[in-house]
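Have the sequence and the 3D view open as you read.

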Amino acid sequence: MFPWQFLTSPAGKWLGFVTAIWVQAISGNNYTFSNYSHALKSLMALTQLQLNNLSVAKDVGKAFGLLSGLASDRWPTSIILIFGAVEGLIGYGIQWLVVSQRISPLPYWQMCIFMCIGGNSTTWMNTAVLVTCMRNFAKNRGPVSGILKGYVGLSTAIFTDLCTALFSSNPSKFLLMLAIVPAIVCLTGVLFLKETEPASMPSEQKQEAEFFHAFDVIAIAVAVYLLAFDITGTHGRVLSLAFVIGLAVLLAMPLGVPLYTFLYTPSGTQPSCHNDDIEHQIKEPLLAKIGGPIEKPPEIQNSNEGINLRDIVGKRQPLIGEDHTIIEMVQTFDFWILFFSFLCGVGTGMCVMNNMAQMGLALGYHDVSIFVSLTSIWGFFGRIVSGLASEYYIGKCGTPRPLWNAAAEVLMALGFIAMASALPGSFYIGSILVGMGYGVLLTITVPVASELFGLKYYGLLYNILILNLPLGSFLFSGLLAGLLYDAQATSTSGGGTTCVGPHCYMLVFVIMAIACMLGLALDVLLAFRTKNVYAKIYESKNHTTTA
């Protein structure tokens, strides 16, 4: 009886959130391309442009995330997670077979297909987790987004450091980890991640906030632990195994929250779960919630029939802050401001992550794993801090959340300038700043989209915004970086190309810094246009606190 009692108690909701954390901790495999790209380049004798287009194919998989967005409104979370597990097993499994030379290198177009399948797997994982948790914890969207996206940021460092500790950074074994581990974790999520009713009472919301602080502390401990492993140099076999055991313990520590809830929360306060786990369509618009009840017109005030807000006001375009259909959303100017500002930041960030190996080699670094980990870990700090700080300042003074995206664009621009300077240590500084800014952008854009356009079609909305990842990868990595690198490079005997020196990527870094300045201007414009929405959210939060 104990397992069933545990799952149907309030602890079941928190156990689902813990499994969501684990899914996010393994769903950043798309950002690990630099760990095995050099092996692919050598094995397949690729030019830098061809290698970059292979990474673009990986990111194009995210464009098909629209399918997972559509599915999230129709299918249970468990089915979406299973899709992600199977796709990852196939996509990265085939890459492992090629890199480990268990099969002959596939034709270039076939490799592109399997890269795309592997890339698409993460969209199913992210959609399942984000849609479910944003609805389960609708009153704490900032912290939820910060924690979940924070673990996505850490996932690259988790995979990289585990491979370094266990397999001495062997690229074929690294790919085997990417194929098997996410599949196992997703199947765990299938059992426990369900949709539940969000907190409705102030006491419940306060308890949620306290638990999220606990999750933040644990996540920071994981990040510091990974950072300590990275900066302490090489390790012996015993220390490496001790590191792996310690990391496993830290990743299991979030289980303390559902266990505490099960032992100390009265059973009478348990949330109601949907038996079929199909996510209910949210009918009430955000501004109706935070602006108070909407009165009926006099002629229908005495009617006992249910009233639909859209029926009262006719077929008008919904206001920003209300639920939008996808068609209504793309007709708004604010959506396109958000879309293109996001493109400027994540597109340039994807370029660095996809080309980290070649950028490091061009600047004289033969082992770039430290830069991959630094980008990941400082991306985590950007995610966790921005999620907490943005929520705090909305409640304190109604600060529009897009201003945090503007700050992220500044960080990334400074990072690109540091990389372009090619001074001693500047690549370390640039990796930290770009990682931090990229993490802020991915975290802040998630609640911004829900606050401006509602949660009703959030799964599809999220995946439309994620189209910026393959689009940005194509523009900045596939075209800009690939073409400019090959223009500076010399041919090798195997048919590929190579370039060594600061000049290889200097112009690329300068152009990306300019793109981030454009993103800064767009984010400031969006913050100005949406200040009334955040003023209403501020009023709602303070009304709830004093109620």
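## A buried pair and its network

Lys-62 pairs up with Asp-59 in a salt bridge, with 3.6 Å between the closest N and O atoms. The term salt bridge here means a side-chain nitrogen of Lys or Arg within 4 Å of a carboxyl oxygen of Asp or Glu. Lys-62 counts as buried because its relative accessible area is 4%, and Asp-59 is buried too, at 0%. For these labels, buried is under 20% relative accessible area, exposed is over 50%, and partly exposed is in between (1.4 Å probe, protein chains only).

This is a predicted model, where local features need pLDDT of at least 70 and side-chain atom pairs count only at pLDDT 80 or more, while totals for chains, interfaces and linings use all residues. Residues are numbered from 1 along each chain as its sequence is written, and side-chain values use heavy atoms, leaving out hydrogens and water.

## Bridges across the sequence

The structure has 6 salt bridges. One of them joins Glu-451 and Arg-401, at 2.4 Å from N to O. Glu-451 sits in helix 19 (residues 426–453) and Arg-401 in the loop between helix 17 (369–397) and helix 18 (402–421), so this pair ties together parts 50 residues apart in sequence. Glu-451 is buried at 4% relative accessibility, and Arg-401 is buried at 1%. Salt bridges with shared partners also connect Lys-58, Asp-59 and Lys-62 into one network.

Arg-529 and Asp-334 form another salt bridge, 2.7 Å from N to O. That pair links distant parts of the chain, 195 residues apart: Arg-529 is in helix 22 (residues 506–529) and Asp-334 in helix 16 (residues 333–362). Helices are DSSP runs (H or I, at least four residues), numbered from the N terminus. Arg-529 is partly exposed at 40% relative accessibility, whereas Asp-334 is buried at 6%.

## A nonpolar patch

Trp-75, Ile-79, Ile-82, Phe-83, Val-86, Ile-90 and Leu-187 make a nonpolar surface patch with about 580 Å² of accessible area together. Patch residues have over 30% relative accessible area and no salt bridge, with nonpolar side chains joined within 5 Å and like charges within 9 Å. Areas come from the Shrake-Rupley method with a 1.4 Å probe. Helix 6 (residues 77–99) gives the largest share, 5 residues.

## Helix 9

Leu-187 belongs to helix 9 (residues 171–192) and is partly exposed at 48%. Other residues of helix 9 are buried, including Phe-174, Leu-178 and Val-185. Their cover includes helix 2 (11–25), helix 6, helix 7 (108–136) and helix 8 (141–167).

Methods: Helix = DSSP H or I, 4+ residues; strand = E, 2+ residues; numbered from the N terminus. Contact = heavy atoms within 4.5 Å.
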